[in-house]
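Please report on the predicted model shown here. Cover its pocket, its nonpolar cores and a few individual residues.

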Amino acid sequence: MLVMSPAARKAIRKQQRREREAKRGRLPGKRFDVVSDRCARAIRLAFETGVIASLLGLEGPLRQGIRSDLCLTGWTWKDADDMAKLIVAEALKKVRAERPSWNEGQREWTVEAGTLIERTHCAKCHKALPEGHHKFCGDLCRWTHHARLAWLKQASEEQVVRSVTNYTLT
């Protein structure tokens with residue numbers, strides 16, 4: 001008869017609990033809170049030490065890391081991604097991170113503090129700007145650029161992802 005140490009029994013119970021969580025596709029409330037608290041502390045520390053310039057700076061790496069760890073413990077990718085998204089969203093809420101507006105997230109946003117970007121090439125086609133033009137080489141580039149931005153603002157998330165990646169579902 002095999003005799004197991006208390007540490008080995010504890011490790012087996014922990015593994016079995018993780019397998020049950022993976023099958024359910026959710027974490028118990030206490031574990032969820034612990035993981036989101038740790039993420040919030042990491043975000044706060046990285047921001048205070050200047051490692052990241054924004055409280056949102058670790059959103060992607062944290063989500064990827066949590067998703068990866070969950071997948072390694074038997075979670076499906078979709079369930080792991082959904083849970084990672086919830087955990088990181090909770091952590092960002094705990095540190096009171098505020099997402100910028102859509103316009104502030106665009107590279108054209110240069111009005112704040114009176115700073116302007118001096119352009120030498122068209123923002124649409126990247127040709128050299130003619131004399132007297134500051135952003136676009138002509139009306140066609142200006143119209144198509146603004147029409148595209150207007151469409152992106154109103155499109156659904158799936159439409160934007162498909163458009164940006166040139167990927168269509170078949």
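Helices α2 and α3 each supply at least two residues to the lining of the second largest pocket. Helices here are DSSP runs of H or I with at least four residues, strands are runs of E with at least two, and both are numbered from the N terminus. Helix α2 gives the most to this lining, with 4 residues. The pocket holds about 220 Å³ of space. Its volume is the space filled by probe spheres set on grid points, which are joined across faces, edges and corners. A pocket is an open set of points on a 1 Å grid over the protein atoms alone, with protein on both sides within 12 Å along at least five of seven lines; lining residues have an atom within 4 Å of a point. Rolling a probe the size of a water molecule over the atoms shows where empty space is left.

The lining residues include Arg18, Arg31, Arg38 and Asp69, along with Leu27, Val35, Cys39, Ile66 and Ile87. By class, the lining has 6 nonpolar, 1 polar and 4 charged residues. Here Ala, Val, Leu, Ile, Met, Phe, Trp, Tyr, Cys and Pro count as nonpolar, Asp, Glu, Lys and Arg as charged, and the others, Gly among them, as polar.

**Source and overall makeup**

This is a predicted model: local features need pLDDT of at least 70, side-chain atom pairs count only at pLDDT 80 or more, and totals for chains, interfaces and linings use all residues. Residues are numbered from 1 along each chain as its sequence is written, and side-chain values use heavy atoms, with hydrogens and water left out.

The chain has 6 helices and 0 strands. Buried residues make up 22% of its 170 residues. Buried means under 20% relative accessible area, exposed over 50%, and partly exposed in between (1.4 Å probe, protein chains only). Of the contacts (heavy atoms within 4.5 Å) with a separation of 6 or more, 43% join residues 24 or more positions apart.

**Nonpolar cores**

A nonpolar core is a set of buried Ala, Val, Leu, Ile, Met, Phe, Trp, Tyr and Cys residues joined through side-chain atoms within 4.5 Å. The largest one has 19 residues, and Ile43, Ile66, Met83 and Ile87 have the most contacts inside it. Helices α2 (29–48), α3 (59–72) and α4 (77–94) each supply at least two of its residues. Helix α4 gives the most, with 7 residues. A second, separate core has 5 residues, including Cys122, Ala123, Leu129 and Cys141.

Ile87 also lines the second largest pocket. Leaving out residues up to four places away in sequence, Ile87 touches Leu27, Phe32, Val35, Ser36, Cys39 and Ile66.

Which side chain does aspartate 81 meet in a polar contact? The partner is the side chain of arginine 67, at 2.8 Å. A polar contact is a pair of N or O atoms within 3.5 Å; within protein, one must be able to donate a hydrogen and the other to accept it, and residues adjacent in sequence count only if both atoms are side-chain atoms. Aspartate 81 lies in helix α4. Its relative accessible area is 10%, so it counts as buried.

**Positive phi in a loop**

Arginine 96 lies in the loop between α4 and α5 (139–154). Histidine 126 is also placed in the loop between α4 and α5.

| Residue | Phi | Relative accessibility |
|---|---|---|
| Arginine 96 | near 60° | 70%, exposed |
| Histidine 126 | about 70° | 54%, exposed |

Key. 1 Å grid on protein atoms, 1.4 Å probe; cavity = no way out; pocket = protein on both sides within 12 Å on 5 of 7 lines; lining within 4 Å.
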